[in-house]
Amino acid sequence: MARANALWPNRHAAGQALAQRLSAWREQSDALVLGLPRGGVVVAAEVARALQLPLASWAVRKLAHPRAPELALGAIAPGGVLIWDEPTASSYGLDPSLRQRIVAEESHELERRRRLYGDPAPASLRHRPLLVVDDGVATGLTVRAALESLRQVQPSLLVLAVPVIDRQVAAQLRPGLDDLIALAEVDDLWAVGAWYQRFEPVSDREVLALMAACSGGRANSTAALHQKERSALS
């Protein structure tokens, strides 16, 4: 459904606008654009295409209560990263056993996506400039987990680039980054989708197609990605 006050028609348009703010990255020949699945990969693909940089994904998973799946209570990321929003999680009565169950379920999905999307090995990111892209940041839990995970690999540069971000969350994230680029910083960002006219869910098939289109014969070949897609969808 279209939103009257949206800044961008869709994630593709937001990525194209974001790429214009990142033109200096064309000089970072060894840089890698990392999209956070799934929606962030759509934005990241436009950035990677415009800057002529390779694209990869970096899986991260929101942790939510089964009765409130849209509300982020925490997040996990590779490298054993686990973050909880303790005040909110406690208010939802998340006891230790339920937390363990949620983490186990989301860890399984995290690993499935890492394998399917061909996420890079952590060692391959060491001493490399990383441009992390998402479609927007509201609570910041998943982005915090992803960035904490990526700091473990010791990149030479770690930059977050997003179309829209909550202003308070941006202030919290900046000290741990070399830079944070956002087209819009807003107060009380309650829903990233409100800033897009169209904000549909993104499928595995779409992610794989974007990764293949941007691969250009790099580490993961188009043929290999299509094979993963067929296996996942069979």
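**Salt bridges and the pocket**

Glu111 and Arg114 join their side chains in a salt bridge at 3.4 Å, N to O (a side-chain nitrogen of Lys or Arg within 4 Å of a carboxyl oxygen of Asp or Glu). The model is predicted: local features need pLDDT of at least 70, side-chain atom pairs count only at pLDDT 80 or more, and totals for chains, interfaces and linings use all residues. Residues are numbered from 1 along each chain as its sequence is written, and side-chain values use heavy atoms, with hydrogens and water left out.

Glu111 and Arg114 are three residues apart in helix H4, so about one helical turn separates them; helices are DSSP runs of H or I with at least four residues, strands are runs of E with at least two, and both are numbered from the N terminus. Glu111 is partly exposed at 32% relative accessible area (buried is under 20%, exposed over 50%, partly exposed in between, with a 1.4 Å probe and protein chains only).

Helix H4 also holds Glu105 and Arg101, four residues apart, whose side chains form a salt bridge at 3.8 Å, N to O. In helix H2, Arg49 and Glu46 are three residues apart and meet in a salt bridge at 3.0 Å, N to O. Arg49 is partly exposed at 42% relative accessibility, whereas Glu46 is buried at 11%. A network of salt bridges links Arg38, Glu109, Arg112, Arg113 and Asp204. The structure has 13 salt bridges.

Helix H4 returns in the lining of the largest pocket, where H4 gives the most, four residues.
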